[in-house]
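Hi everyone, thanks for coming. Have a look at it first.

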Amino acid sequence: MAVLVAGGVVLAPALSAVTAAEAASTANVVPAATVKDSDAAVTDFGGCIAGGGTGDLLLLIDDSGSLKQSDPDDDRVKAAQYLVRQLGRFAEQSSAQVDIRVSRFSTSYSDVGDWSTLDGASVPRVSETVASLATADTGFETDYWSALEGARKDLAERASSRKETSCQAIAWFTDGKAEYDVRSTKAAQDAYGTSKSFAPGADLSTRAGVEAVTKAANEDLCRSGGLADQLRSSGITTFAVGLESSGASASDFAQLEAIATGSSSSPKTTCGSITEPVPGSFTLASDIDNLLFAFDALSSPGQAPLTQESGICQVSYCTDQAHEFVLDDSTPAVHVLAAADVDAVDVDLVGPDGVPVRLPRGAIGTSASVAVPGGTATYTWESPSSVSVDITRSDGATTWSGLWKVVFIDPAGTSADKRSRTNVHISSDLVPTWSGASRGRVHLSSAWDGTFGIARGRDAVAPASIQGSAALSAALSDGSGHDTTIVDGADKAHIGDAVSTEPTGLDLGAGTVEMRLSLTTAPVMSGTTVVHEGTVLAPAVVRVPVSILAPEQYPVVSDTVDFGTIEGDTSGTATVTLTGAGCAWLSGKPAVVAAPSGTGPIRVVADGHDQASDCVKASSAGTPMQVTLSFDESRNGTVNGTFPVSIAAADALGDPLTTNVSFTADLRRPLNQANFLLALVVALIAGPGIPLGLLYLASFVTARMPSGGLLSQRVSVRVVDGTVLRDGEPFSFRPSDFSTMQTVSRENARSLVVAGLSLRARPSRSPVGAGHVVAAEPGSSAASDGSPAWVRRGASIRARLPLAVQGHWVVLSPAGSAADTAEVVAFVGTNAPDSIRASMAESVRDRLPDLLARLRAETGEELLSEDAFASAGARSGSSIGFGSEDVSSAPQSAYGSRSAGRPRAGRSPSRRGDGRATPESSATPPPPAEDVGFGFGFDDGPHR
């Protein structure tokens, strides 16, 4: 029997919260653990990943100046590094893809590095990026609105760059409430500005202006449909951590808690209208151990830890203060975070053999390992009073199953009144699955057949082979919160039974099947006597998106449409696809759940198709119906909602029905380039502008590809009927691929040629933004798997990649080549696991056909010849600053003493209503690395 979850991909389990009521219902269960209700948000995030989605976690870290007093030891950095390590462990164990990006905020939002897929190779690199925040504590104020708006934009771009489901979250740290400060000096006004985009007309050089900005920010964050609701309706979960200190009491974080969870009780505060289910979590921390526990709750998405609290043994080992849990063969790994209220305690780990194994104290942050029954324990003292432990079972181990204990001992015997606590993450490798012919489609009033089961990896597991107890439940829900139970607590004897149901009472449109596998490890036995009951594990939860459709005589309508980024315009278009028989028309006004303020009414129309007599007929191949989103004023923010589409059955077999199509759009006001350039000139001429110049200089200096080995592979492909073929077979990488290695060093980290591609590192147009790489080949247009996928320079289109190109690929369309042919160049690191290559191959198969079609449409066959490519750039114009555009390999393309040409300033790309980028001016390249001149170029040409 084929096991299927999310289109054939079965991930290792993402475990969710076990409620206190569930724990209490199981008599004599060890341990007496608790799980907070707020962990439901972690469950949702993890369940999405387990259902086949790609995880995006944005670390959003406060860098305001108050951190010098509230966090002098940089505990926020240590805790965030711990989170990165544990997320990497989760990704490795579960084979899930979790991408992470580090960002910071104070007066404004800025990213610190590129998105990275967490694996063994990337965790140290991301950890180093986090470490750079130790000196980021000079920010001017704490602007919640700008922080979340920047995060929203970043995640919106990320989600729109992929076809598969995005599972997105923000891990947000701050040491205080939102505060805006008066710019009382000319230097402060020049450095930080005197206005905010969300409070037009308010002057931050006055106290009255600060009060107006504060009021506007609070209102726009928490109004119905405001910024908090925009995040929630986009499926973004917010995990907030507040650092309590002498300068910030618990009440100062009421707004932070309300933004994350929808409400706060002390003082009573509410935020937004989308509050059920709870959209996020909030934790208040006061020291390094509390911060570690706060971040630990997020460290294995979907797996809420089992939390225990006990005392501390005095002088010598004891059993009555032990933290206990029971393992069996279904639990191959355990992660424990343990802490005591006092320093200098000893910690013993005790396995089923009852022999204590001491975890000797070492240097803070240094790992060590000890042998334990049936496996190995690797531990790290995270602080003088806390230790993290990873226990893994050895293959074929026979002494693993049984009762385990963590025991704290105070050799001095002076802490009888103190407490100890643990977070225990027990990882089962079992996951619920569903197999059936209909896969992701459910027709109302029609039989929906299938079989639920259990899998380990991609292999089905016989329920009877599980040592402990198991129960599986499954439910189908629509987008309005209605649900119907499919399976309710089937035990091991009935989990594999065939299921047939006819769902009714659900709204048409996007829906979800949630499968929940509840496991309890096998009890510890002495003969036929139960010595210790098993441990109740957090249920393994898998959420799979499905389409809830009308009966089969009606057409199938797209569940969702994405209008993409609409910049500087007041309308955009998208396509609803109609498949099958019958016809459809747009039959009412949209229901908007979130939108930026000031746009005016949000409208969605399908010109000429707004009544039954003008309906669009469906077809087996799919018929497009174009819809237009429009509004009155361009603003910054996300628009989310639904619009109704009526559908009629073929040959009038049944009354018309209505399905709600979800839609989203990312609105962006264009940058006023003239004002920006004028402000920059003034800042540079004025004395206080010198630091800004240094920021741009730093941005230029740090725009380098990471050092290390870089493997590449170039492959010729064809696209036939939407399928990417390599030598006539579906595209994949072969064991012999990636045999060519180049070493990226300090000498070539700005420019090198790999597999025929010229790779050149470029700084960001923002003084605090991350740089990127431009990839080009003479005579070809190029696009990448990133977002944006390319930059345009006149008729030349070049791929845009993050500075860390490993794990990414480029598609090339040579001039004059056949429409169905292309070249693919892929990059991996020297230590990249096979999962990275498999993930890239899947990305090529899924994304290349559409990307190539868009690239050729954008090119219009106006590709540069090699000579034209070499000489492109020596154009007239003007600019100020370090150029951030790509540079050709020809010497004459440089400026300064080598060229009479001067750089032209580009500007940000905009979107027309049809979603295509409007023509923009281009910029001339910067000087080569060995001949750096002074100047600033703000863009690298229009992006797509």
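So, how much space lies in the second largest pocket? About 500 Å³. Keep in mind that this is a predicted model, and the pLDDT averages 80 over the protein, with 81% of the residues scoring at least 70. Residues 1-38 are below 50, though that stretch still has 120 contacts beyond near neighbours in sequence. Residues 861-944 also stay under 50.

Back to the pocket. Its lining has 23 residues, and Arg-85, Gln-86, Ser-367, Thr-380 and Asp-390 are the ones nearest the centre. Which elements give two or more residues to that lining? They're α4 (75-94), β16 (375-383) and β17 (386-393). The largest share, eight residues, comes from α4. By class, you get twelve polar, seven charged and four nonpolar residues.

Now, those two strands belong to an open sheet of six, and the order is β9-β19-β12-β17-β16-β15, with antiparallel pairing. At the edges sit β9 (306-310) and β15 (367-372), each pairing on one side only. On average, neighbouring strands are turned by 20° against each other, ignoring direction.

Let's zoom in on one pair. β12 (residues 333-340) and β19 (residues 420-427) are joined by eight bridges; one example is Ala-339, whose partner in β19 is Arg-421.

And what packs on this sheet? α4 does, touching β12, β16, β17 and β19, at about 160° to the direction of β12. Helix α11 (residues 288-296) packs on the sheet too, touching β12, β16, β17 and β19, and its angle with β12 is about 155°.

How values were computed
Residues are numbered from 1 along each chain as its sequence is written. This is a predicted model: local features need pLDDT of at least 70, side-chain atom pairs count only at pLDDT 80 or more; totals for chains, interfaces and linings use all residues. Side-chain values use heavy atoms; hydrogens and water are left out. pLDDT is the predictor's confidence in each residue, from 0 to 100. Contact means heavy atoms within 4.5 Å. On a 1 Å grid over the protein atoms alone, a cavity is a set of points where a 1.4 Å probe fits but cannot get out, and a pocket is an open set with protein on both sides within 12 Å along at least five of seven lines; lining residues have an atom within 4 Å of a point. Grid points are joined across faces, edges and corners, and a volume is the space filled by probe spheres set on the points. Helices (H or I, at least four residues) and strands (E, at least two) are DSSP runs, numbered from the N terminus. Ala, Val, Leu, Ile, Met, Phe, Trp, Tyr, Cys and Pro count as nonpolar, Asp, Glu, Lys and Arg as charged, and the others, Gly among them, as polar. Two strands pair if DSSP finds at least two bridges between them. Axes are lines fitted to C-alpha atoms, for helices over the stretch in contact, and angles run from 0 to 180 degrees between N-to-C directions.
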